[in-house]
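Open the structure in your viewer and keep the selection tool at hand. The stops below say what to select next and what is there.

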Amino acid sequence: MLRWITKNEADLRGLFLKRFHNDVQSDTRERFVTETSSDLLLQRMHLATGEFERMTRDLENARKRLRDQLAKLDEEEKEARLEIEQELRILQGRLMSLSRTTALEILTDNGLLPNYAFPERGVRFYGAIYNKHRKSDQEHKPIEVTRPAGVALKELAPANHFYTHSRVFDIQQIAIGNPQDPLIFTWAICGACGHMRPKDDLDKPEAQPACPQCGHDGDSDSQLDQGQHRKFIEFSRSQALSYMEHYDSLSGDRSDERNREYYQTIRSFDLTQDTPAGAVGDDGLPFGIEYRSSVIMREVNVGYQGEQGIVPFGVDQEAPEDGFRVCRDCGIVVTPGTSLDDIRHRRSCSRRRANDKRRQEGRNELPYNWEPVYLYRELKSEAIRLLLPIADDDDIDTLTACVHLGLRLRFEGNPAHLNVSPQIMPDPATGMKRYYVMLLDGVPGGTGYLKTLYQEKDGQNRDGEGIMQVLRLARNTLETCVCRQMRQDPDRQDTDGCYRCIRTYHLQYKSDTISRERGITLLNKLIAAGEKRVPQKALAAIKPNSLFGSMLEKKFVDLLESFVEQQNGNWEQTIIRGNQGFRFSLPGVERLWELELQPTLGSAQGVSVQSQPDFVLRSDDDRIKPVAIFTDGFQYHCHPVNRLADDLNKRRSILESGKYHVWSVTWDDLNPEYADHVMVCHTPVAQMLQQYANAAKGQGKIIPDARKMICNGLVQLKAFIAAPHAPGWAQLATFASYFPLQMLAGQRTVNAQELRAALSTWRPGAALPKVATQENGEWVYNDRASLNQDLVSYITVGDAVSNRQNQVITLARLGDSETETTGSDFSERWRRFLACLNLYQFSENFRFWAASESETTAPEIPLEAVEAVSDDWQPVMEDILPSLQPYVQELAAAALPLPAALPKVEYFNEQIEDDAFAELAWPNCSPPVALLAGGQADFASAWQDQGWKVVTPDDLQAKGIAHLIDLIAKGISGA
């Protein structure tokens, strides 16, 4: 028959096309002629029959090996005999199943004839059931099922539990072929874009080393690197196998939830099969629509959920190193949490046979041939790609749901054969990322639906009108859905979407990230850009001129916009200093804010080390310094890329210019679940800070929210926008450092020399050594100034007891060695450090650096020994109580006139009974002044009755030493 078809090929093709002469366009005609070549059909038929023969041959060879084993067994080896006989019966059942396969089934399974149940080739499951309590002639009938490849990739994956026919089967084994005709092949993965090509293609003389899809080459992520060469099995060519004991397999669905294994999957697209057949788009947003007649999607199951990603597999995607570990000789798989020694191999496994023999001979066993493999399915079909502006996961999930909604409305039914998937591609020319939504026809080769959608034209004869109509239908439905009316009813909760509009059963697991309101906003932007579309050679011709350089920046702006809108403020996109930016304001305040994107700060701006913050936030109030904002991702700044020293050096330079504040915000700071977490200080300090702030507000001072200023970077920034009064921030930041030192002043006083030595040891990254307490020490320090050991604060004892808060010194040093940055707790430690920087930058004496800067750019530690008092004051210092010596030092430094300012020490007032005396007294002042300490403070009223101005240590702590200095100065001048 094939010879007759080949002989009459041209006539048969012509007669067929003649029937659809008015409906078939030229490109479809050319594709039909190419893909219906009799030589191509014959080649595919040989492949299909060859694969069937290979499966039969593998089973026959396995049975032969088992029969040979059986013949060599001794009479006493009954258990081994029973096991081999049982496996022989299972293999015989599989052979009988294959023998019942008709030629029609073979051609249908391989896509040579239409298969309306599974347009894509399915995956076969074979479940054998044995009963160890029955005789061999009473075996249960095996269960055979074929599942669609897209479902089987997880449902029939190794170690999963497959429920069917009131039984549950553990997937223990997969077919792997044989050494002459293996199913395991090596593919080369592009770590940059995820493109896959057979490793054998790289060995061809004409092969290009660079990735044929994105051009990536020359590093460890390239397809030439050995680490990117991985073993794959096309699952539809394999088979999932399970041998279960009868009673173990009875499920009965006894529990409410079926037991399932979870996996990691990655979608790899191959766009090299054909050039785009057409594209339209707009450079502004950017946005575009592209039709491709041939795209290959490979969905890869790369292993069990929870395993760490190691192998780069496209933008922001990594696959586990081992995938599924499969025995190269029998196909048995390693299940999670199972030791290799506990795996029971099939009797037909050649390595098991060898080890059984070696065990009998008393020799060591040989290791089994474990092969790490990934499973994949492949679909080649037509596709439409939508180019999007930068989009995060929530945007992609919402847009995917919107496209599903629009397609459902367009086709007036469920277009289940259309797959909607996100795709992210690197853009080598700009170093940015390109974001797409891919609409792929689930029928191999395509049904023509997508081509029709793309080629539909509008009134200006522009392609893509069908897709634009899909977007408009979705937008209109979202805007008019009855669930949106709930927003007007305060007694009803707005669900932000329902099953009448954006929510669907097949996307139920992403319901938390799908939003009706976000969908309306995104669709309005895409539709507006689509109205400006013009013909393009390809979507690659549209520059990815996104506003943002990273997803983190976009997410930050989205959350800032939401904050402004929640406050009923105004937000708009505008031009700032010639570039795109944003302008906003909050209600009740005339202040206007502008957010500039990615400006450069250098010598022209007074910054010594040039840098490019992600944003600069400016106010129209000249009293408010601009804020340079850095949005930091852990991977790009800490590990595997460590930029901490460079980051802190640049931010320090910006602060030292005196013209800017500096703010740091991390990925985790954007998570609303972390908004209330305290990041800066311990709970007692946070509580006292709140009381102090309340008191300051009671005095009419402008103070930020004390609860928010000690949280993460984003919460702190919102607090600053609400109250951008730098003196208020400085007051609270200084108190947060000062308060613990005030509490420690009576119990942790140290000498300057020993404190300096300890800080010098701590400066390059070591732990702070313990400093011995000295009774007459000049300094008090706090090595727990933050939630980590990265901040140290200290102050002189005199300043601590005199309430001179602005004299506190705070040092922040972040350890950045590889050992530290790779630690499991470093991400949280880093976030806390940055939150401390956001707050303590307002303190007068604040220094920060990375440990690796200690020999280069790190600032010096500001610590000097306490200077001795003048000779005139020295006798007073020697006679006074140690606790009052700091006050004497302050008086000596106050430049009061001598000798009138010199006090009497232990001055007894004979006019008062009970030996009343003042620790310090200035009887010649007018009025006279007395400092009463300890129990002598009880006589304060008696001194005052005689006309004395009385001061106690409590007064000095509350009012400061300046209060006493002022009394003495006025008393001298009045004398």
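**Around Arg533**

Select Arg533 and show what surrounds it: leaving out residues up to four places away in sequence, Arg533 touches Val280, Gly281, Asp282, Asp458, Arg462, Asp463, Gly464, Glu465 and Met468, where contact means heavy atoms within 4.5 Å. This is a predicted model, in which local features need pLDDT of at least 70 and side-chain atom pairs count only at pLDDT 80 or more, while totals for chains, interfaces and linings use all residues. Residues are numbered from 1 along each chain as its sequence is written, and side-chain values use heavy atoms, with hydrogens and water left out.

Arg533 sits in the loop between α14 (516–530) and β19 (534–536). Helices (H or I, at least four residues) and strands (E, at least two) are DSSP runs, numbered from the N terminus. Is Arg533 buried or exposed? Arg533 is buried, at a relative accessible area of 2%; buried means under 20%, exposed over 50%, and partly exposed in between (1.4 Å probe, protein chains only).

**Cysteines**

How many disulfides are there? The count is zero, a disulfide being a pair of cysteine sulfur atoms within 2.5 Å. Select Cys211: this residue is in no disulfide, and the nearest cysteine sulfur, in Cys193, is 3.6 Å away. Cys211 is buried, with a relative accessible area of 5%.

Move to Cys501. Its sulfur lies 3.7 Å from the closest cysteine sulfur, that of Cys481, so the two are too far apart for a bond. Cys501 is also buried, at 0% relative accessible area.

**Nonpolar cores**

Next, select Ile384, Leu439 and Phe556, the residues with the most contacts inside the largest nonpolar core, which has 144 residues. A nonpolar core is a set of buried Ala, Val, Leu, Ile, Met, Phe, Trp, Tyr and Cys residues joined through side-chain atoms within 4.5 Å. Another core, of 28 residues, lies apart from the largest one and has Val145, Ala157, Phe162 and Val333 among its members.

Finish at Phe556. Not counting residues up to four places away in sequence, Phe556 touches Leu595, Phe615, Ile629, Thr631, Val665, Leu670, Leu714 and Leu717.
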